[in-house]
Amino acid sequence: DVYKRQSHEIKTPLAVMQNYGTMLQQPDLSEEKRMEYAKAITDASRRLAAMVTNILKLNKLENQSMYPNMRTYDLGEQLCECLLNFEDLWEDKNLDIQTEISENIRVTADPELLSLVWNNLFSNAIKFTEPGGTVSLILVAQGDQAVVMVSDTGCGISQDVGKHIFEKFYQGDTSHATKGNGLGLALVKRVIDITQGDIQVNSEAGKGSTFIVKLRRETDGAT
C-alpha cells in the first residue's frame with residue numbers, strides 16, 4: 001500500500017528528530033553525546049528534506065505541470081560533471097571509480113531532468129558500496145541509442161526486490177531505511193519514461209548492481 005509506505009517514510013525521520021531533540025535537553029550531557037545527537041537530527045532532517053523535494057518533483061511530473069525543456073547536448077560531458085559532484089563522498093569511502101566514456105554522443109533531452117537520473121544513480125551506487133569497493137560508469141553508442149551503465153560492488157538487489165525497485169516508496173531491505181526513502185528510483189523511472197528511454201537493473205544480492213539506461217541519440221547519419 002503506497003499510502004502506508006509514504007506515511008511510514010515521512011514519520012520515521014520526524015520521530016528520529018523528536019527523540020534526539022528530547023535527549024539533547026538532558027542536563028549534564030557530555031559534549032560527545034551532544035554532538036552525536038545533533039548530527040542524528042541533522043542527518044534525519046536532510047533525509048526528510050530530500051524526500052519532500054522528490055515528492056514535489058514526482059507530483060509535478062505525474063500531474064504534467066513540469067514540462068521538459070528539450071535541447072541537444074553532449075551526454076558524456078553531463079555524466080562527468082554529475083559524477084564529479086560526488087568526489088568528496090567516494091574519496092571518503094576510498095572507492096575505486098572507473099569510467100569509460102565514448103566521445104561525441106549527443107542526445108536531445110531536458111538536461112535538468114536527466115541530471116536527476118544520473119545524480120540518483122551515482123548517489124545510490126556510492127551509498128550502497130562498502131569502503132574500498134568499485135563504482136563504474138560506462139557510456140557507449142549502440143546503433144541509434146546511447147547506453148549508460150552505472151555499476152557498483154555494493155549490497156545488490158534480490159530478484160524479488162528488483163521487480164518493484166522503481167515503485168514509489170518501495171524498499172526491499174528495511175535495514176537500508178536510513179540510507180534512502182524509496183523515492184529516488186521512482187523519480188528516475190518517471191524521467192526516463194518522459195524522455196522515451198528505457199531503464200533496467202541487473203543485480204544479485206551481495207554482488208552489486210548495474211543500472212542500464214538507454215536513450216535515443218542524435219546520429220546525424222553516422223553509425
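## Chatting through a predicted model

Me: Hi! How much of the protein is buried?
Reply: Buried residues make up 37% of the 223 residues in the protein. Buried means under 20% relative accessible area, exposed means over 50%, and partly exposed lies in between (1.4 Å probe, protein chains only). This is a predicted model: local features need pLDDT of at least 70, side-chain atom pairs count only at pLDDT 80 or more, and totals for chains, interfaces and linings use all residues. Residues are numbered from 1 along each chain as its sequence is written, and side-chain values use heavy atoms, leaving out hydrogens and water.

Me: Which residues of helix α7 are buried?
Reply: In α7 (residues 184-194), they are G184, L185, A186, L187, V188, V191 and I192.

Me: What comes just after α7?
Reply: Q196, which takes a positive phi of about 60 degrees.

Me: New topic: where is D92 found?
Reply: D92 sits in helix α4, which covers residues 87-92.

Me: Is D92 buried or exposed?
Reply: D92 is exposed, because its relative accessible area is 68%.

Me: Last one: how many contacts in the protein between residues at least 6 apart in sequence join residues at least 24 apart?
Reply: Among those contacts, 72% do. Contact means heavy atoms within 4.5 Å.

Notes
Helix = DSSP H or I, 4+ residues; strand = E, 2+ residues; numbered from the N terminus.
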